[in-house]
Structure formats: C-alpha cells, structure tokens
Amino acid sequence: MTTLHEPLTPAATADDDLSVWPATTARLAHGDLAVGGVPLTEIAERFGTPAYLIDEDDVRTRCRTYLHAFPGAEVHYAAKAFLCRAMAHWVAEEGLGLDVCSAGELELAVTTGFPAERIVLHGNAKSPHDLNAALRLGVGRIVIDSASEIARLAAAVPPGSRQKVMVRVVPGIAAGGHAKIRTGTDDQKFGLSIADGSAQHAVARIIGQPGLELTGLHCHLGSQITADKPFIAAVRRLVGLMARIKDQHGVTLPELDLGGGHGIAYRPGEAALDITALARKVRAELAESCAAAGLTVPRLLIEPGRAIAGPAGVALYHVLAVKRTGGRTFVAVDGGMSDNPRPALYGVRYAPRLIGRHSTTPPAPVTVVGRHCEAGDVLASDVRLPGDVRPGDVLGVPVAGAYHLSMASGYNLVGRPPVVAVAGGHARLLVRRECLEDFRSRDVGL
C-alpha cells in the first residue's frame, strides 16, 4: 500500500532530487527527463512553452490510493484544483465523486458524462445561476454555507422534489499552510460557526424545509495541511454537534464530510500528509466518538484536490534572459504569474530544474522570474541552477498540477498555456493554448 508522499517508482526515490516529480519520471541522456514515457524536451518542442504537463497514470494511482485508504467512504475530487474534460473522465472511471464551486465547473463535468448524483456543489456565495444549474442537473448534494442560502434554495426546489444538502460548519480549528488558506476558524468567509450558534440555527431551519433533506455536516479546515491532528479534532467537534442535533431534533445525520486540504511536498525534503495514517486515525476517532455519543457511525466523505492533481503536473518554460544585477542573478522565463500566481499569492516555493542538457558548471543561487510587468512576478526565489544557465534553456517545475491552470489569468494578454497529458509513451493535447484570436473574439465593442 502506497501513501501519497512515498515514492511510486524507482526513478523518484526520497533521497534524490526527483522525489517530488510525477510517479513515472525517468532520467534520460543529456540531462533530459521523461514523464509518462515522453521526453520533456519533446513536449517543449512539440507544444511550445509555457506548457502544463499532466501524468495520467500518476493521477489514477493517487485516486486509487485514496479509495484504498478510505474503504467505504466517498472520495470526491476537488475540481477547483484542476479541471478539464479528461480529468473529469479519469476521476469518474476511477470511481471518485466530484466537488465543484460553480455552474461552470458543474456543467463542464456533466456534459463530459460525469454522473450528476456523484457531484457536490460548494461555495460561500452561490449565484442563482449556480443553484438553478445544480437543481436542473440533479447534483447529489449542495453544501449550505450561509443562512440566507437556505430560503433561496428551498424556494428554487421544484414542488414535490427534495434536494439533499449539507451544512458547512466552522469548527474553530486553525490549520493550513498560509493565513489566506485557513478556513476552519471564525475570522474568514466560509461556513457557519459552532461557537456562536449559527450552525445549529441553520440545521433547525433546514429540518423545517420540506424541499430540503439534511444528510450531514461538512467542514473544510484549510489547505496544505501536513498534520493529522486538526482532522482528528474536527471529527470530535462535528460528532459532538451531530449528537446535539439528535438530542434536539431527533434526527441522526447519516453523513460527515471532512473536506480536503491534504498537504503535499513542493520541494524535496518537505513534509507531506500521510494519507494512509490519516485514514486509519480518522476512522478510529470517528468510531470512538460516535460510540461515546451513542450515534451510528456516519458515512465519511473527503475531498482531496491538490493531493491528487498537484504532484502529477509539471510546468515547462524556456529561459528568455539572464540578468545579474544588485548581487543577484535573475533568470527570466516565457511565463510567470499569469500561469502560476501562487508564489505571489501564498509564497509557495518550487524547485525548478534544467532540462535537456548536462552542465559541468557548479550550481549557483538564482531567482526565476516571469515576463510580466510586476516586480512580484517571481516563480522561484533563491533556487540553485547551473551557473551557465542561458537563454534557450528549458526549465521544468514539478508539482504544477494543482491551482496553475485553474488560477491562470489573462494578464498582459500573454495567453494561458496548453495542457498536455502523457501516458504510455504518448502525449496528447487536452487544452489548447490561448491565442490572440481568443482575445479578439471576446472583445466585441469599439
């Protein structure tokens, strides 16, 4: 049984610099690497740069690891991390559900053939379009995130129908890799607080709505969590709330959703959440807490996104310029914050690598920057690359599968990169590169 932070192939052992690369990564001659049996230099030449690469086998392996670690649970892939039609297809084939945050994500998945009943709709401020699309397409569950949403959703449910819902609860637990991605405390925009009674009030209102069926409680503590203790604490607090709901309303909720936020390593040596250990401890705590509260153990749901897509992705760039100034060396590439805003937003640190040639020059500290008109357009600060890095070189950045394409922007009209899938020695285009014609066709006024 493999945990998500353990090596999956001999090429990616924990004691070398390929430990955070996709599972199928292999060394080739002349400093090249292959992912999914396809040389990265071939990807760069055939599809251009910047480009996102996704290892299909790695994605599928991670889906299976979750299902094996959480037997009997529902595993829902968090579409916000990375979604395209192929990704929805892979996730569906592997038996996972899907959680979405908008009508756009929902309709892309459903029109790809993803079963709507295996989809959960989230969002702290769902629009009427979001809710109407969810009801029209028949999503499995809608997660209630505010008191005002209850009446709006109940009014939209067709007469004679019932929509399954959950309540997103704020358990008062601080967890996550950055202040901007901690969502389990009362000082942020998501969910309904246990501490001030908002969650309990929402539960009572939902139970009184004939068009809504409350199936359980939901929480999401944050993102990039690398310890299991916050999840264990969340189980205790949510089971406590479920016990109070049973006492007050005579209702035993059959489901408990612990969300996702499972942390991964972006650079060799960084901590990652051990999914197998987490699953074992969560199941044990859930059984013990329910026994103490006199509750039937609810069905568990979890929602990994980054932990499935992130390590399976690589971003490829060409070096455009090398500048030595102010005692620092800046390596400028043909992408930047428009295809990866995460270093600027959250201070995420990556480990870029020279691809396609061996260098005998000792490595030196450099800062890899993008091409955009912002001083903060930095992809990797103070990383070590060969001292002779030069224009025309190809750089590969691992752990680029999550929150790159989904957060990409149109800044400077550079255009969002393509997504290329690799598997079994073959590469195929999943999402084409955004081009000038795309910009022109949207610009309809003069």
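Predicted model: local features only at pLDDT ≥ 70, side-chain atom pairs only at ≥ 80, totals over all residues.
Just beyond the end of H3, Gly95 adopts a positive phi of about 90°.

Helix H3, which spans residues 85-93, packs against helix H2, residues 56-69, with axes that come within 10 Å and cross at roughly 40°. On the H2 side the contact is made by Glu56, Val59 and Arg60, and on the H3 side by Met87, Trp90 and Glu93. Sorted by class, this contact of H2 with H3 holds three nonpolar, no polar and three charged residues.

As a general background, nonpolar side chains in soluble globular proteins tend to be buried together. Here the largest nonpolar core has 130 residues, and the members that touch the most other members are Phe70, Tyr77, Met87, Leu217 and Val368. The largest share of this core, 11 residues, is supplied by helix H8, which runs over residues 229-249.

The surroundings of Leu217 can be given in detail. With residues up to four places away in sequence not counted, Leu217 touches Met166, Val167, Val169, Val203, Leu238, Leu241, Met242, Ile245, Leu253, Glu255, Leu256 and Asp257. Among these partners, Leu238, Leu241, Met242 and Ile245 have numbers that lie in the range of H8, residues 229-249, while Val203 falls in the range of helix H7, residues 198-207.

## Helix H8 against helix H9

The axes of H8 and helix H9, the latter covering residues 275-293, come within 9 Å and cross at roughly 25°. Since angles under 35 degrees count as roughly parallel, H8 and H9 are roughly parallel to each other. H8 passes H9 in a right-handed crossing.

From H8, the residues Phe231, Ile232, Val235, Arg236, Val239 and Ala243 meet Leu278, Lys281, Val282, Glu285, Leu286, Ser289, Cys290 and Ala293 of H9. Divided by class, the contact of H8 with H9 comprises 10 nonpolar, one polar and three charged residues.

## Helix H6 against helix H7

Helix H6, residues 147-156, and helix H7, residues 198-207, have axes that come within 10 Å and cross at roughly 10°, which makes H6 roughly parallel to H7. This crossing of H6 and H7 is right-handed. Ala147, Ile150 and Ala151 in H6 meet Ala202, Arg205 and Ile206 in H7, and by class this contact has five nonpolar, no polar and one charged residues.

## Backbone features in the loops

Several backbone features belong to loops. The peptide bond from Thr49 to Pro50 is cis, with omega near -5°, and Pro50 is located in the loop between helix H1, residues 40-47, and strand E4, residues 51-55.

Positive phi values also occur in residues other than glycine, including Gln224, for which phi is near 60°, and Tyr403, for which phi is near 65°. Gln224 is found in the loop between strand E11, residues 212-218, and H8, and because its relative accessibility is 16%, Gln224 counts as buried. Tyr403 is placed in the loop between strand E19, residues 394-398, and strand E20, residues 419-423, and with 12% relative accessibility Tyr403 likewise counts as buried.

With a relative accessible area of 24%, Val414 is partly exposed, the cut-off for buried being under 20%. The C-alpha atoms of Val414 and Gly336 are separated by 9.7 Å, although these two residues are 78 residues apart along the chain. When neighbours within four places in sequence are left aside, Val414 is in contact with Ser338, Arg371, His372 and Phe439.

Methods: Residues numbered from 1 in each chain as written. Heavy atoms only, no water. Core = buried A, V, L, I, M, F, W, Y, C linked by side-chain atoms within 4.5 Å. Buried < 20%, exposed > 50% of the residue type's maximum accessible area, 1.4 Å probe, protein only. Helix = DSSP H or I, 4+ residues; strand = E, 2+ residues; numbered from the N terminus. Contact = heavy atoms within 4.5 Å. Axes fitted to C-alpha atoms, helices over the stretch in contact; angles between N-to-C directions. Parallel < 35°, antiparallel > 145°, perpendicular 65-115°, else oblique. Left-handed = near helix turned anticlockwise from the far one by under 90°. Nonpolar A, V, L, I, M, F, W, Y, C, P; charged D, E, K, R; others polar.
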